[in-house]
Each structure stands twice: as structure tokens, then as C-alpha cells.
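Dear colleague,

I am handing over the structure below, together with some notes on what was found in it. Please read them with the structure open beside you.

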Amino acid sequence: MRTVDAAVIGLGPGGEQVATELARAGWSVLAVEEHLVGGECPYYGCVPSKMMVRAADVLAEGRRVNALAGSAQVHPSWAPVAARIRAEATDDWDDEVAVRRLIDAGAQFVRGRGSVAGPAQVRVTPAGAESELVAVRAAIVVATGTAPLVPDIPGLAGTPYWTNRDIVAVRDLPTSLIVLGGGAIGCEIAQVFARFGVDVTIVEALERILSVEEEETSALLAEAMSRDGVRIRTGAAAAAVRHDRTDGFTVTLSDESAVRGTALLVAIGRRTNVPGLGLHTVGLDPDARTVPVDEWCRAAPGVWAVGDITGHGAFTHVATYQADVVLRDLLDRGGPSADYSALPRVTFTDPEIGSVGLTRAQARERGLRIHTGSTQVASTARGWLHGPGNDGLIGLVVDADRGVLVGATSAGPAGGEVLGMLALAVHAQVPVEQLRSMIYAYPTFHRGVQDALRDLS
């Protein structure tokens with residue numbers, strides 16, 4: 001039986017990072033991936049979708065020329081977007097470069113399925129070959145990520161619906177699109193397609209889109225997307241789906257109304273790739289939705305988990321952050337364990353929605369006495385100078401007893417970039433009085449943080 005120092009099952013951003021760094025440190029590493037090395041982000045998620053967003057933003061800016069700088073006519077074409085995704089982002093969904101990078105670092109790579117077979121053992125089933133048991137001396141790292149969640153809606157199965165994995169590969173745009181789900185993926189894609197001339201309707205079962213954000217942030221984005229032509233149906237779930245080759249999709253909603261479109265995107269969430277990992281062999285619940293981990297990402301004796309399956313956020317930056325934590329633990333590098341109190345997230349719509357830490361509701365649920373403050377980006381100097389496209393707000397949530405930020409929202413042009421200083425303030429627990437006394441460059445978007453601090457109640 002083959003013996004290695006470490007086995008890494010799943011090579012998304014977190015798993016690939018762990019496998020590469022352990023191999024470079026001189027460990028014998030078995031790295032197993034069933035699909036593409038690099039995972040969801042470079043092929044189906046962050047990278048291609050943000051290329052789409054960039055293209056749509058250019059169209060929006062072009063349409064603002066008439067109000068700011070003269071005259072322009074904008075004629076959208078999806079062809080350069082599709083070509084750029086294939087050539088620059090995904091290598092036409094080929095991971096040869098990523099595999100070579102892993103092997104050059106010294107790892108043993110197997111294309112196939114991996115699972116935990118017991119303490120210090122993994123089972124590897126290469127594509128088209130018999131399974132093999134491998135003994136593991138030091139660490140098993142599980143990083144199998146998530147996949148699109150497809151709900152059990154009557155009539156949906158068997159239809160040519162899209163998930164995020166399909167929509168990034170689209171060569172020709174539909175005339176109309178129904179988006180099931182008003183979360184980050186659904187909102188980003190809806191706005192992109194609308195700006196390219198597609199008739200788009202979002203269907204969200206909850207009462208508002210981006211329900212994880214502050215209520216005013218959801219309202220801000222809904223208004224901006226409506227101006228782009230996106231219709232938003234909230235408080236109504238999809239009850240049935242029908243597809244006809246001629247007429248496309250008809251989605252009947254829980255309120256008995258219906259929406260129609262030539263294409264359908266299912267973007268209601270993600271499901272973790274936990275089933276079949278053999279976690280019961282090390283005392284873990286194989287039917288759990290996520291894999292519970294401690295502050296060092298340890299899931300069981302000799303087993304670590306990183307990324308989406310840990311339930312700390314389906315973000316590339318969480319996976320790579322946890323990978324660093326695991327590497328510090330395994331390589332005795334020293335440094336802090338995991339801390340998720342300043343976890344940032346960004347939705348790349350226009351306005352761009354960035355947030356970190358706790359919302360007002362979450363802070364109150366934890367029993368905190370809070371002060372809040374906010375400002376509209378349009379009322380700041382930079383927002384006024386920016387003109388069209390200046391929708392946005394900066395909101396702060398302060399622990400009144402400790403005098404530090406525990407949460408913040410930065411929505412607007414470059415909202416995710418302004419979030420950087422707010423994430424640092426939350427992470428480092430910078431006193432609010434120290435933030436008040438800073439020098440803020442004028443005229444910048446981040447200067448709006450100073451206005452929000454003045455508004456603290």
C-alpha cells in the first residue's frame with residue numbers, strides 16, 4: 001500500500017494551496033481531484049463571471065457618456081466576452097496549466113475520486129481504474145467544495161436549465177432570461193444580461209434580494225437594477241416549471257402567477273460536496289450539510305477541512321485563508337488560528353456591494369448594544385463629482401460598549417475597495433475615536449466613512 005505524508009482530497013483554491021505548499025516544504029503529498037484543478041472559482045465562478053461584469057460595466061459607462069462627456073452610441077456584442085472567458089479565464093475549461101503547477105511543486109496528482117477510508121487512510125479511485133488504499137502518515141485534508149443546488153421543483157428536471165457552470169460558457173445570449181434566486185450570483189448575472197439587452201426577471205422566494213445584507217442595501221440594489229430593466233419578483237417561490245422547444249420556459253409561482261423566458265438560470269444556492277467522502281470512518285456525520293471544524297480547521301484526529309464544506313462562507317478568500325491556517329498548524333509556522341469576525345464579502349453588481357462582520361440584526365441577536373451611522377455616496381463630494389452611477393451608501397455598526405466597529409457596509413462605485421479599510425478596522429478592533437481622528441483624503445469615496453462616523457447614533 002502506498003504511503004504519503006499528506007493526502008488532499010479536492011483541489012479548489014484551498015486544497016490546491018495546501019497540497020502545493022506542503023509539497024514545496026518537502027512532504028510527500030497525494031493530491032486528488034475528480035474534476036478541474038482550481039475548482040469552481042477560475043472556471044465557473046469568480047474569474048469568468050467578473051469578466052462578464054466588467055464587460056457589462058463598460059456598456060453602462062458608455063451609456064453615461066451623453067450625460068457627462070458628449071455623445072456615444074453603444075452596440076452590445078457578447079462575442080468578445082465569450083471569447084475572453086474561453087481564452088483568458090478558463091483555457092477552454094482545461095486545467096493542464098494548474099496540474100503542471102501542482103506536479104512541478106512535487107505533489108503526486110491523481111484525477112479521480114478520493115474519500116476517507118478510516119484513520120490515516122484514504123481511498124483513491126482514478127478515472128477508469130480500480131480503487132487503491134493509501135496510508136497517510138500525518139494529515140488528510142478534505143476540500144471538496146460545493147456544487148450548484150438544484151431544487152426539486154415539479155417539471156424542472158430534464159429541462160435545459162442553466163446553472164452558473166453553464167451560463168459562463170454561453171456563446172449566444174437568449175432574448176429573455178428567468179433567474180431563480182436573488183442572491184449574489186443571481187443578481188450579478190441578471191444585471192450583466194440586462195445590460196446586454198436581455199429581458200431579465202428575477203424570482204426570489206424571500207421578501208428581498210440579497211437577503212444576507214442590510215435592508216437598505218437590498219433596496220438600493222433593487223432600484224438600480226430596475227433602472228437597467230431587470231424585473232424583480234420577491235416573496236414568491238417557483239412552484240412548477242414547464243419547457244417548450246418553441247416558447248421556452250414558463251415558471252409558475254407560489255402566488256399562481258407565471259413568468260416566461262427563453263432561458264432559465266437556477267441560482268438559489270450551493271450544496272456541499274460531503275456525501276460519499278467516507279467521513280463516518282473517522283467518527284463524523286456523513287449526512288451533515290457541512291463539516292464542523294475547530295479554530296485550526298481540524299475536523300477529526302488527523303483530518304482537516306477547508307473551504308466551502310466548513311460552512312464559514314462559500315468564498316475563495318475563505319478557502320485560501322483556511323489553507324493558510326492549516327499550513328501554519330501542520331508546518332508549525334506559528335501565527336494565529338482562524339477568526340471569522342471580520343469576514344468580508346462583495347457582490348459585484350453596480351453598485352458594488354461590500355460588507356464585513358455583523359449586520360445590525362446579527363449584532364442585536366448576539367445581545368450587543370449598538371450604535372449605527374450611515375451616509376449616501378451621492379451626498380459625498382466624490383459621489384457628487386462622479387455623477388450618473390453614484391448609487392451607494394456606507395453604513396457602520398458599532399459595539400457601543402467597546403467602542404469598536406463590528407460590522408460595516410460599503411455600497412457604490414468601488415464599494416469592495418472601500419470595504420478594505422472597514423474590514424481592517426473590524427479585524428483589528430480599531431477604536432471608533434481613532435477612526436474619527438484619521439485624515440481622510442479628499443475627494444475620495446472612502447472619505448464617506450468619515451461622514452458615516454459623524455452620523456453614529
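Does Ala299 count as buried or exposed? At 15% relative accessibility, Ala299 counts as buried, a term that means under 20% relative accessible area, with exposed meaning over 50% and partly exposed in between (1.4 Å probe, protein chains only).

The model is predicted, so that local features need pLDDT of at least 70 and side-chain atom pairs count only at pLDDT 80 or more, while totals for chains, interfaces and linings use all residues. Residues are numbered from 1 along each chain as its sequence is written, and side-chain values use heavy atoms, with hydrogens and water left out.

Ala299 lies in strand 15 (residues 298-300), strands being DSSP runs of E with at least two residues and helices runs of H or I with at least four, numbered from the N terminus. Leaving aside neighbours within four places in sequence, Ala299 is in contact (heavy atoms within 4.5 Å) with Leu284, Val291, Pro292, Val293, Trp304 and Ala305.

Turning to the helices, the axes of helix 3 (residues 46-63) and helix 8 (residues 184-195) come within 9 Å and cross at roughly 45°, the axes being lines fitted to C-alpha atoms over the stretch in contact, with angles from 0 to 180 degrees between N-to-C directions. Helix 3 and helix 8 are therefore oblique to each other, since angles under 35 degrees count as roughly parallel, over 145 as roughly antiparallel, 65 to 115 as roughly perpendicular and the rest as oblique. Among the residues making this contact are Met52 and Val53 of helix 3 and Ile189 and Phe193 of helix 8.
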